[in-house]
Protein chains: 2
Amino acid sequence: MIVVKVGGGASINLDGIAGDLAHLDEPAVVVHGANAFRDDLSRRLAIPKRTLTSESGVESVFTDRDALDVLTMAYAGLVNKRFVSLCQQKGVNAIGLTGLDGALVRGRRNRGIRVRENGVRRLVHDLSGKPAAVNGELLRLLVDAGYTLLLTAPILDEQGQAISTENDDVVALLQRTLEPELVVELIEAPGLLDDPKDESSVRKALGRDELERRESTASGRMRRKLKALLKMLDAGCRRIVIADGRGPHPLRAALASEGTVVS
Amino acid sequence: MIVVKVGGGASINLDGIAGDLAHLDEPAVVVHGANAFRDDLSRRLAIPKRTLTSESGVESVFTDRDALDVLTMAYAGLVNKRFVSLCQQKGVNAIGLTGLDGALVRGRRNRGIRVRENGVRRLVHDLSGKPAAVNGELLRLLVDAGYTLLLTAPILDEQGQAISTENDDVVALLQRTLEPELVVELIEAPGLLDDPKDESSVRKALGRDELERRESTASGRMRRKLKALLKMLDAGCRRIVIADGRGPHPLRAALASEGTVVS
């Protein structure tokens, strides 16, 4: 079994990934984003995306009810079903599910994000949270029956309400539940870069110490991503490949260790 | 097992239906629409809905790529996931799926709709079709595991492309595959009306002969609906209840035979 995280950027080659899934020798559970399509839909519906930066410096999207609807339409509607259709066209019998379906991913609603606006501290509540438990029984039922799973946001909170979450956290949770041999992350870059502006500066291999050092100096989304990688290593994950999702065969290239190998 | 068709009108009480599903003694497979939400989204995205009337008088929505995207966002995204969330809030472990997922509903792409525009006959091609086969194995796998299925458009064509279809036809196909004891259809009226403008003119019971007579004089969507009902009776369905989807307990009322009983 492998777990594959597919970024939600506009240049991610879903068609190529679907083709690569058709040639996989083992079952795959895929978690995908759709942020570029969400942002585009927000703009077209004139529902502007709001981002918040917490006091501790972590940036996140503020999810009110309108934003949740837009997220659901982009992630669970447009992109998930396009991806399923691309898979079906390649002979991959894919099923697209959100964390809501069959209570696949249950989370804890955020108790509020502590922000400082114009010098004033306040607690902001939204429809977001952190994944806490996976319905491993449902995952295994479908994987054992030969289906390839394409998972996406939203997830369920404690009351059955849909909430947004970070896919990095969902992947880390899946890793602990399914214990795959390999986790692949397909992003809009050829791997983790030493210089974010220079795509030729790919770090080929990365150990725990270096990851920890980078995490302590990173900020925003990159910091959250590095935290999630550390969490997976701590949970016993032996190999994570971070590779380019934009090429003709993103998954095949990642399996050939093109990109950054974290171990 | 019962099969429930839920109309896609804005006044359908999904919350009430979710609550009724929680008190059902037998498994349910639900097929729902979302046309009111689709039309609203079309308007907000300034992608006007195009309808065509075939030479034989059947009206249908013309589905180009933009219309398919809007349909997918409204049906598979917004409404399906809201409905799943409402079910989860009532303790119903629902899974929302389209016909694409696990090739649940495969169809045949329409070869073109013959229309007459400004006196000229032409063949119009779009992304629509008729359902032809259901993945009964996947349905049973999930139903046997205790999940309540909420199905919606789109479905798959022969090449794995997403296409739109009529839910009436999907329900008729499910009826033949699953052979439920009962089919319930929840609509925005108290049943089939003798006078479409008078909600008190509900026809309490309807036999095959009367259904056939009505079908021969109906037009547009009503004709399509009556055709689908006839098809179900021909396939051995013994009882169909057409009931009000707007009340506090739409499914409970339908099970008490409030509405039109077709047998």
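**Exercise 1. A salt bridge in chain A**

Task: In this predicted model, find which residue forms a salt bridge with Lys5(A), and say which elements the pair links.

Solution.
- Step 1. Lys5(A) pairs with Asp168(A) in a salt bridge, and their closest N and O atoms are 3.3 Å apart.
- Step 2. The cut-off for such a bridge is 4 Å between a side-chain nitrogen of Lys or Arg and a carboxyl oxygen of Asp or Glu, so the pair qualifies.
- Step 3. Lys5(A) sits in strand β1 (residues 2–6) of chain A, while Asp168(A) belongs to helix α5 (residues 167–178) of chain A. The two residues are 163 residues apart, and the pair links distant parts of the chain.
- Step 4. Over all chains, the structure holds 50 salt bridges.

**Exercise 2. Relating the two chains**

Task: State what rotation and what shift superpose chain A on chain B, and why the copies are related as by a two-fold axis.

Solution.
- Step 1. Two copies of a chain are related by a rotation about an axis and a shift along it.
- Step 2. Here the rotation is 180° and the shift along the axis is 0.0 Å; chain A then superposes on chain B with an RMSD of 0.0 Å.
- Step 3. The two copies are therefore related as by a two-fold rotation axis.
- Step 4. The same surface serves both copies, as 100% of the contact residues of chain A recur in chain B.
- Step 5. Among the residues of chain A, Gly77(A) comes closest to the rotation axis, with its C-alpha at 1.9 Å.

**Exercise 3. Backbone angles**

Task: Locate the cis peptide bond that joins Ala153(A) and Pro154(A), its counterpart from Ala153(B) to Pro154(B), and the positive phi of Ala46(A).

Solution.
- Step 1. Most residues other than glycine have a negative phi, and most peptide bonds are trans.
- Step 2. The bond between Ala153(A) and Pro154(A) is cis, with omega about 0°. Pro154(A) is in the loop between β10 (148–152) and β11 (155–156) of chain A.
- Step 3. In chain B, the bond from Ala153(B) to Pro154(B) is cis, with omega near 0°. Pro154(B) lies in the loop between β10 (148–152) and β11 (155–156) of chain B.
- Step 4. Ala46(A) has a phi near 55°, and this residue is found in the loop between α2 (35–44) and β3 (50–53) of chain A.

Notes: Residues numbered from 1 in each chain as written. Chains lettered and ligands numbered in written order. Predicted model: local features only at pLDDT ≥ 70, side-chain atom pairs only at ≥ 80, totals over all residues. Heavy atoms only, no water. Least-squares fit on C-alpha atoms with pLDDT ≥ 70 in both. Contact = heavy atoms within 4.5 Å. Helix = DSSP H or I, 4+ residues; strand = E, 2+ residues; numbered from the N terminus.
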